[in-house]
Amino acid sequence: MCGIVAYIGHREAYPVILKGLKRLEYRGYDSAGVALLNDGLKVFKKKGMVADLEESLIGENLHAHSGIGHTRWATHGEPSDRNAHPHQSSNGKLAMIHNGIIENYTQLKNELQKKGYQFKSDTDTEVLLNFIEDIQKNNQCGLEEAVRIALKRVVGAYVIVLIDQDHPDTLIAARKGSPLVIGVGKGEHFLASDASPIIEYTKEVVYVNDYELAILKPDELILKNLGNEKITPFIQKLDLELAAIEKGGYDHFMLKEIFEQPDTIFDCLRGRLDIHKGTITMAGVQNHMEKLMHANRIIIVACGTSWHAGLIAEYVFEELCRVPVEVEYASEFRYRNPVIRQGDVIIAISQSGETADTIVAIEKAREQGAFIFGVVNVVGSSIARISDAGAYTHAGPEIGVASTKAFTAQLAVLTMIALKIAKEKKTISEERYLQLLNEMHEIPEKLREILPLNEQIRALAEKHKDAKDALYLGRGYNFPVALEGALKLKEISYIHAEGYAAAEMKHGPIALVDEQLPVVFVATRDSYHEKIISNIQEIKARKGKIIAVISEGDEVIPMMAPDIMRVPNADELVAPMLSVIPLQLFAYHIGVAKGYNVDKPRNLAKSVTVE
Ligand code: F6R
């Protein structure tokens, strides 16, 4: 969702910005643009891909040492050249890029229109920019002061970066609610929505906080709050390699990330889970054990795939820790009037750590006295920083828009947290604890065994790629896996897919079943096995096309289902980390077979920074 890149320093700005925008493509966007200071302000923008913008600029004089660039994910106004960023102020001297939504833009626009301002786009961004220009004019003040005054009137979320024709040696940026990272180089500074456009040049970064303003010159970085007080920038070292954000020989990031899972789970367990000592080391849990083990209730807030991980965690926590758990869509939780009491623990799950709904849900719960524990992938992200405690998933950068490796890493972390609390609370026997530790330890190797299914799944995808609809069914721990499988299929292949608890099928969805409908069962061997076999029989009796994820050694289901994907046996509590993999591959291959851009599915954004 909207990518921001800016540069000021000794290099040519355009190549840095263009490369940066390409690195941010995974966030999802529909148009792109750059503004460069080169003998005056030049703004170029184009609907479509960054490559379209690049092509349209061949032959242009793009020489500049400062500039700003943007990929836009439309909110106000259709995707078009006109609505693409950067926007230019009425007097032509300022250009601005923006990520977020200005909620009171209509009011500001009316005020400006009364003063004679005209607008070239439908965006809230152009309104804010002209509002800043107007303040500059009326108050006879510099840009920094005008930005500060304007932001005090603004309702909404934003990252903005401005460039000023009259001050080519300065960029001004501000943040509230959307992510912004500054890269600190030698005689140069970078700005971006995340670290991926920056790591090639410097590993020293500053994460800008809400209500902070950054004033950047090639060799100076000043951070201030909106009250004009200076803040000392906290420079951190990035623990990220360039290779981690490149495709490394795979056709798509999504496939690379599916294949990385044996390693990401290994990394996630490394240094934490020790089967020899029988311990789990997680400082975020250990340091807050009192709060966690005496929680009256755990409320999990998340969105999308992370919400599915939360559903599985609900089963795990209730089983192991004997604590009531509720799982909420962050977007619903934030707007209703939930009952939260002292002693409630919120677990916020997020890959990006920037999902706007999850951030606001956390803030709301905190106001009412809850303790916030974040399970986040992106180090230094907003949710990681606003949580009271947390555990990183350490899955590495996830670039494919559809979440894959982050999901399994979330499950691994959540299971370890539950095991650690259960051990402390003594709600788990020593024998079961050690058995589950061992099961967790074996997951990376078992994941490795699943990946050779890739070719078989490709063939299966070819067979089913023309389906119009699909139904995904599972029970127990595998019910959320069915939801996740259906989500993966719809986002990547645009095939309508529904996930259901298998036993719910006969309360409605069974009406959909005919000879055309693929019905995907997540039916690994667990305590529901006999039950799900009955559900498979029910679909078979109605001639649905059965596809099943089953455990090695299962000889019963293959007699009912022609299309089988086998995964290694595992305890039901950890089985979702395995049973989801064939479903990720199935969705991926159908998307590819249909010729879609699986890394950037239409209309989707990787980091959903608007509500
Ligand atoms: C699905 C997907 C989304 C995200 C959701 C939450 O493949 O990627 O459903 O899971 O937008 O994002 P995070 O986890 O970053 O909060």
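The model is a predicted one, where local features need pLDDT of at least 70 and side-chain atom pairs count only at pLDDT 80 or more, while totals for chains, interfaces and linings use all residues. Residues are numbered from 1 along each chain as its sequence is written, and side-chain values use heavy atoms, with hydrogens and water left out.

Three domains make up the division of the chain: domain 1 (3-243), domain 2 (247-428) and domain 3 (452-598), with bounds taken from an automatic or database domain assignment. Between domain 1 and domain 2, the C-alpha centres are 32 Å apart. Eight residues from domain 1 and 10 residues from domain 2 take part in the contact (heavy atoms within 4.5 Å).

Putting domain 1 and domain 2 together buries about 780 Å², with 50% of that coming from carbon and sulfur atoms; this is the accessible area (1.4 Å probe) that the two parts lose, summed over both. On the domain 1 side, the residues touching domain 2 are six nonpolar, one polar and one charged (Ala, Val, Leu, Ile, Met, Phe, Trp, Tyr, Cys and Pro count as nonpolar, Asp, Glu, Lys and Arg as charged, the others, Gly among them, as polar).

As for the cysteines, zero disulfides turn up in the whole structure (cysteine sulfur pairs within 2.5 Å). For cysteine 321, the closest cysteine sulfur belongs to cysteine 268, and at 17 Å it is too far for a bond.
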